[in-house]
Structures are given as C-alpha cells and as structure tokens.
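Here's a quick briefing to read alongside the structure. Have the sequence and the 3D view open, and we'll go through it topic by topic.

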Amino acid sequence: MTIRSLLMFPDLGLKTVCAPVLTFDADLRSLADDLLDTMRAAPGVGIAAAHIGVLSRVTVIELGREGGVLTYVNPKIIWSSSETMQHMEGSVSMPGFTDNVTRPKSIRFGYQDLEGVPHEAAADGFLAICIQHEIDQLDGIFWLQRLSKLKRDRLVRKWEKSKA
C-alpha cells in the first residue's frame with residue numbers, strides 16, 4: 001500500500017471521463033489499497049482513481065473507521081430522488097476549499113466489487129452525497145461545476161491566489 005501523489009485542480013486529468021474497469025485482479029486490489037491510503041493521508045472521506053491520475057472507474061469511500069471501507073468499481077446511478085439536500089463539499093485535489101452543493105438526497109446505484117461481482121444498493125444522506133460526488137469525478141465533473149458561476153469563479157480566484 002502506497003500514498004500516491006494527488007492531481008491538483010485545475011489538472012486536466014480531473015476533467016477526463018474515466019474508463020470502465022474490465023480486469024479484476026491483484027493490480028485492481030492494489031489500486032484500491034493505494035486509494036484508501038492516499039485518501040486517509042489527504043485527509044478525505046472519498047477519493048476517485050482520477051485524483052491520482054489513474055483514469056479507471058474506481059472509488060473508495062470511508063465515512064468513519066466504524067463504517068468500514070466502501071470500494072465501488074464501475075459505479076453508476078440508477079435512480080435519484082427528487083428531494084434534494086445541501087452539503088458542504090470539497091476535494092482532495094483542492095484542499096481547504098469548500099462550498100455548499102445541492103444534490104439528490106437518496107439514490108440507487110449499481111457497481112461491481114473488487115472481484116467483479118455486480119451489486120445494486122441504496123444510499124441516502126451523506127453517503128448518497130459522497131457517492132454522487134465521486135461518480136461525478138469519474139465522469140470528469142469536478143465538484144466546482146455543481147456551483148453557480150458566481151460561487152465557482154470566487155472559489156477559483158481564491159484558489160489561484162493561494163497558489164501564487
């Protein structure tokens with residue numbers, strides 16, 4: 001297990017749609033382990049392979065040690081509720097910068113586990129928010145794109161100023 005380097009906003013890798021995983025092997029399990037270590041070191045509660053420059057549809061989420069590690073391969077949203085909720089979001093690729101994002105409160109989603117076995121599950125609240133956030137990243141949608149242009153431009157200016 002290794003802590004990998006993170007791509008930082010506005011790296012183009014964060015805007016790239018990730019390819020489906022076709023091979024379920026030791027390399028995939030190693031990638032998932034590296035994602036977990038990298039996410040914990042960042043720190044964060046979720047990470048997509050794109051954050052480390054691997055353009056494969058893999059994400060790892062850990063909302064607390066007691067809840068366990070959730071690894072989703074090739075996740076896709078099947079259904080989302082019309083009821084929404086706001087939550088403060090950010091990214092390991094833009095540390096220290098957050099804003100409220102509105103998303104569906106509940107979802108049903110499909111995914112494969114590390115062995116390639118397909119599953120379908122439901123999530124609501126914070127877990128649903130995290131899954132949607134990471135699927136967006138796998139689809140090349142950085143969380144800032146979910147903000148109004150005014151909020152997005154303001155955060156980008158602050159980010160650029162912090163890097164100067």
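**Helix α3 and its neighbour**

The buried residues of α3 pack against β5 (99–104). Keep in mind that this is a predicted model.

**More on α3**

- The buried residues in α3 are Leu 155, Val 156 and Trp 159.
- Look down the axis of α3 and its buried residues sit within an arc of 100 degrees, so they line one face of the helix.

**Arg 103, over in β5**

- Strand β5, the one that α3 packs against, also holds Arg 103.
- Is Arg 103 buried or exposed? Its relative accessible area is 4%, and buried means under 20%, so Arg 103 counts as buried.
- For a sense of distance, Arg 103 and Asp 25 are 78 residues apart in sequence, and their C-alpha atoms are 33 Å apart in space.

**The largest pocket**

- The largest pocket holds about 340 Å³ of space.
- Its lining is made up of 22 residues, and those nearest the centre of the pocket are Val 45, Glu 89, Gly 90, Ser 91 and His 133.
- Which element gives the largest share of the lining? That's α2, with five residues.
- Both β4 (84–89) and α2 (125–138) supply at least two lining residues each.
- Sorted by class, the lining has 11 nonpolar, nine polar and two charged residues.

**Glu 62, another buried charge**

- You'll find Glu 62 in the loop between β2 (58–61) and β3 (70–80).
- Glu 62 is buried, with a relative accessible area of 8%.
- Beyond its neighbours within four places in sequence, Glu 62 is in contact with Leu 36, Met 39, Arg 40, Val 45, Gly 68 and Val 69.

- As background, most peptide bonds are trans, and most residues other than glycine have a negative phi.
- The Phe 9 to Pro 10 peptide bond is cis, with omega near 10 degrees; Pro 10 sits in the segment before α1 (26–41).
- Ala 42 and Pro 43 are also joined by a cis peptide bond, here with omega about -10 degrees.
- Pro 43 belongs to the loop between α1 and β1 (46–48).
- Where is Asn 74? It's in strand β3, and Asn 74 has a positive phi of about 55 degrees even though it isn't a glycine.
- Asn 74 is buried as well, with a relative accessible area of 15%.

Key: Residues numbered from 1 in each chain as written. Predicted model: local features only at pLDDT ≥ 70, side-chain atom pairs only at ≥ 80, totals over all residues. Heavy atoms only, no water. Helix = DSSP H or I, 4+ residues; strand = E, 2+ residues; numbered from the N terminus. Buried < 20%, exposed > 50% of the residue type's maximum accessible area, 1.4 Å probe, protein only. Contact = heavy atoms within 4.5 Å. Arc of directions from axis to C-beta. 1 Å grid on protein atoms, 1.4 Å probe; cavity = no way out; pocket = protein on both sides within 12 Å on 5 of 7 lines; lining within 4 Å. Points joined across faces, edges and corners; volume = space filled by probe spheres on them. Nonpolar A, V, L, I, M, F, W, Y, C, P; charged D, E, K, R; others polar.
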